[in-house]
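Hi there,

Have a look at it first, then read on.

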Amino acid sequence: MNAPFQSEVVTPILAGACVGISELKKNPAAVIAAAREQQVAILNRNKPVAYMISPEVWDYLCELVSDQKLVEMAREALDSGEEGVPVTMDELLD
């Protein structure tokens with residue numbers, strides 16, 4: 001029978017491209033340019049130690065985190081049992 005799967009042996013690389021640290025040191029501009037097109041995993045001894053992403057992807061991720069925090073705040077406010085404040089759509093859009 002096969003031995004059980006050991007997850008520390010296989011490390012997923014969550015990027016479309018990867019590069020070793022030594023190659024990053026040799027030509028950082030090329031790696032940065034590649035990261036503008038797709039996420040790049042930085043490997044050390046064939047294991048990911050960092051990921052490089054474009055500023056646009058970073059901004060998008062920051063927006064997602066910010067939106068999630070607002071959703072959590074809204075849920076907490078709804079769950080608190082406090083009475084809400086009535087507003088019109090026009091007031092929200094101003």
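For exposure, I call a residue buried under 20% relative accessible area, exposed over 50% and partly exposed in between (1.4 Å probe, protein chains only). By that scale Cys-62 is partly exposed, at 35% relative accessibility, and Cys-18 is partly exposed too, with a relative accessible area of 45%.

Before going further, please note that this is a predicted model, where local features need pLDDT of at least 70, side-chain atom pairs count only at pLDDT 80 or more, and totals for chains, interfaces and linings use all residues. Residues are numbered from 1 along each chain as its sequence is written, and side-chain values use heavy atoms, with hydrogens and water left out.

Staying with cysteines, how many disulfides (pairs of cysteine sulfur atoms within 2.5 Å) does a search of the whole structure find? The search finds zero.

Now the inside. Helices (H or I, at least four residues) and strands (E, at least two) are DSSP runs, numbered from the N terminus. Ala-35 is in contact (heavy atoms within 4.5 Å) with Val-40, Met-52, Ile-53 and Ser-54, leaving aside its neighbours within four places in sequence.

The structure also holds one salt bridge, meaning a side-chain nitrogen of Lys or Arg within 4 Å of a carboxyl oxygen of Asp or Glu. Its partners are the side chains of Arg-36 and Glu-56, at 3.3 Å from N to O. This pair links distant parts of the chain, with Arg-36 in helix 2 and Glu-56 in helix 3 (residues 55-79), 20 residues apart. Arg-36 is partly exposed at 43% relative accessibility, and Glu-56 is partly exposed at 46%.

Helix 3 also contains Arg-75, which counts as exposed at 52% relative accessibility. From Arg-75 to Val-19 there are 56 residues in sequence and 42 Å in space, C-alpha to C-alpha.

One more for the surface: Leu-92, in helix 4 (residues 89-93), is exposed, with a relative accessible area of 60%.

Best wishes

Methods. A disulfide is a pair of cysteine sulfur atoms within 2.5 Å.
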